[in-house]
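Please keep the sequence and the model in view while reading.

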Amino acid sequence: MTNLPSATEKKLGLAIDLDTCVGCHACVISCKEWNTSNYGAPLSDVDAYGASPVGTFLNRVHTFEIKADNRPAQTLHFPKSCLHCEDAPCVTVCPTGASYKRTQDGIVLVNEDDCMGCGLCAWACPYGAREMDAEAGIMKKCTLCVDRIYNENIPEEDRVPSCVRTCPAGARHFGDFADPDSNVSRLSAERGGVELMAAQKTRPVNRYLPPRPKADVTGDGQIDIPNPFLEAKNQTAKGFLGWLDKALEKI
Amino acid sequence: MYPAPSVILFTSLSGIGFGLLAWLGTGHPAVTYLTAFTFFFLAYGLAVGGLLASVFHLGNKINAFKAFSQWRSSWLSREGIMAVASLLVMAPYAIGEIFFGQQWPLFGWLGAAGAVTTVFTTSMIYTQMQTVPRWNSPLTPVLFLLYALGGGALLAGQTGVAMLLLIALGLVQALNWYLGDGAFAAAGHTLETATGMAGLGRMRLLEPPHSSPNYLMKEMVFVVGRKHVRKLRMISMVLLVLLPVLILLLAPAAHVLVGIAVLSHLAGVFVARWLFFAQAEHVVGLYYDMR
Ligand code: SF4
Ligand code: SF4
Ligand code: SF4
């Protein structure tokens, strides 16, 4: 049924910290590994060892550069997976009823037995979160690892999405945004979590935590990386190093 | 957006087919026996052929019949239902004209209304896409309806009204190109809004997520042939409107020439439909620094 639920009991989703993400792509690989070997059709690769490999991924990391006037440029690693939108346009456009949003936790899923592979839902998603699998001819998307988070056959600490469990920097946080006291709600409130492309009115559940402001190293926009540290060392050199420093100056 | 040949064929042919059905259903022209057969053969051929072409586009054709189920929310589902329903409702009218030499107007008018609605539902599949600002405009349905009714009138031999509709089509198409060129900027989506990082500075792509194109880029970021847009627009305008209207004006009774007018119009529709897809920019391109 592709009508959207008017409200969901929980709003499970991710808070992604762009301050801590180091762009290692570990979440990309762990997502692919978990989702190719568990629920639904595998995530195929075409021409995997050839000249132009193409594959299905549910999570990808883009890297951007931010440059403000008179500030050094800054790198922004930007992981992107389904944001489990409350007003998910991908669900309402689906003609077969394969796409749906769960009432209990708000997860947006594709029932692969019903999908006809028309690709319309991928057109409707502003974020590029849906990819048609070239081998299976059906639509794949992030499941919020629905087959992990409720799975009593795996150890309790593993009952979070694969990407969250894997991230070595702890940049991906999983929780319930409907509960104002949850880890993700509090994180998002503290750090000013943002929605992506709010003007599309998809009301995404996932939130992105902007990078913290960087210390202004120089103030004049010029940056000389080794100098400040070398100078500081020279000035404070004491004992044997201080003596050596002075002796060397004299020669 | 990727201009898939199957989708271009489908929207062009079925649009004209349903347009022709709408004219036939309202008795323009009121034909019987063999002439009726020829007309309905053409109309059904175009409409059904177009629908079949769209099925080729599917990744998992086995589930195509399930597309009739979600009419409450999905324009694609509504289109499927309307297409089949109007073809069925029109059938008795066609049978009446072909085999009994009679018009049964109830079926004809219902079928015609259904045919027009089908074209409207097709256009709404594109119009509803907020992700493609060029399509997300009230002009899109107007355009699709003019394509169907104009081309249909041409095929139905309704010389006077065909000329008027084709001229209207030319004007609306030109307006649509003009407004469409500014639609993406007007919608206000930028890399900064796409990442939610407005206010931190200017952003640019440093490294794409992967070294070769993926499904998203192939399907939604199509930049080939953009530099020929102006030429293609001119070509399509000449084929679509100018040549057919000139022929209708100067030699409305010359069958061969009118045949050329129809073929020219059809070629113009294909070019314009190619542009409709190839020029449409999807917001996901922002993440890839490609539109
Ligand atoms: S991010 Fe895209 S695929 Fe996910 S719910 Fe929103 S619109 Fe649908
Ligand atoms: S590709 Fe599948 S899930 Fe997506 S709209 Fe088509 S039928 Fe629905
Ligand atoms: S929640 Fe699961 S499916 Fe979604 S991006 Fe993370 S690992 Fe992939």
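This is a predicted model: local features need pLDDT of at least 70, side-chain atom pairs count only at pLDDT 80 or more; totals for chains, interfaces and linings use all residues.

## Pockets and cavities

Two or more lining residues each are given by helix H3 (120-124) of chain A and, in chain B, by helix H1 (5-25), helix H2 (33-56), helix H3 (75-99) and helix H4 (105-127). H3(B) provides the largest share of this lining, with 5 residues. In terms of residue class, the lining of the largest pocket comprises 18 nonpolar, 3 polar and 1 charged residues.

For the second largest pocket, the volume is about 290 Å³. Its lining has 16 residues, of which A:Arg71, A:Pro72, A:Gln74, A:Pro213 and A:Lys214 are the closest to the centre. Strand S4 (59-67) and strand S5 (74-81) of chain A each contribute at least two residues to the lining of the second largest pocket. This lining divides into 9 nonpolar, 3 polar and 4 charged residues.

The model also holds 9 cavities of 30 Å³ or more. The largest cavity has a volume of about 130 Å³, and among its 18 lining residues B:Thr11, B:Ser14, B:Gly15, B:Ile16 and B:Val119 are the closest to the centre. In chain B, H1, H3, H4, H5 and H11 each supply at least two residues of the lining of the largest cavity. The largest share, 7 residues, belongs to H1(B).

| Space | Volume | Lining by class |
|---|---|---|
| Second largest pocket | about 290 Å³ | 9 nonpolar, 3 polar, 4 charged |
| Largest cavity | about 130 Å³ | 10 nonpolar, 6 polar, 2 charged |

## Ligand shells

Around ligand 1 there are 13 residues, and A:Cys82, A:Leu83, A:Cys85, A:Cys90 and A:Cys125 come nearest. The shell of ligand 1 consists of 10 nonpolar, 1 polar and 2 charged residues.

## Aromatic rings

Over all chains, 20 aromatic pairs are counted. One of them is the stacked pair of B:Tyr126 and B:Phe144, with 5.8 Å from centre to centre and 25 degrees between the planes. B:Tyr126 belongs to helix H4 of chain B and B:Phe144 to helix H5 (residues 139-155) of chain B, so this pair ties together parts that lie 18 residues apart in sequence. B:Tyr126 is buried, at 4% relative accessibility, and B:Phe144 is likewise buried, at 5%.

B:Trp135 and B:Phe277 form an edge-to-face pair, with centres 5.6 Å apart and planes at 85 degrees. Because B:Trp135 lies in the loop between H4 and H5 of chain B and B:Phe277 in helix H11 (residues 255-278) of chain B, the pair joins parts that are 142 residues apart in sequence. B:Trp135 is buried at 0% relative accessibility, and B:Phe277 is buried at 1%.

Which residues do ring pairs link into a cluster? The members are A:Trp123, B:Tyr126, B:Trp135, B:Phe144, B:Phe276 and B:Phe277.

Charged groups also meet rings. The charged end of B:Arg273 sits over the ring of B:Phe144, 4.5 Å from the ring centre. Likewise, the charged end of B:Arg72 is placed over the ring of B:Trp71, at 4.7 Å from its centre.

The loop between H4 and H5 of chain B also contains B:Thr131, which is buried at 1% relative accessibility. B:Thr131 and B:Arg291 are 160 residues apart in sequence, while their C-alpha atoms are 12 Å apart in space.

Technical notes: Residues are numbered from 1 along each chain as its sequence is written. Chains are lettered from A and ligands numbered from 1 in the order in which they are written. Side-chain values use heavy atoms; hydrogens and water are left out. Helices (H or I, at least four residues) and strands (E, at least two) are DSSP runs, numbered from the N terminus. Ala, Val, Leu, Ile, Met, Phe, Trp, Tyr, Cys and Pro count as nonpolar, Asp, Glu, Lys and Arg as charged, and the others, Gly among them, as polar. On a 1 Å grid over the protein atoms alone, a cavity is a set of points where a 1.4 Å probe fits but cannot get out, and a pocket is an open set with protein on both sides within 12 Å along at least five of seven lines; lining residues have an atom within 4 Å of a point. Grid points are joined across faces, edges and corners, and a volume is the space filled by probe spheres set on the points. Rings of Phe, Tyr and Trp (its six-membered ring) pair if their centres lie within 6.5 Å; planes under 30 degrees apart count as stacked, over 60 as edge-to-face and the rest as tilted. Buried means under 20% relative accessible area, exposed over 50%, partly exposed in between (1.4 Å probe, protein chains only). A charge sits over a ring if NZ of Lys or CZ of Arg is within 6 Å of the ring centre and within 35 degrees of the ring normal. A residue is near a molecule or strand if one of its heavy atoms lies within 4 Å of it.
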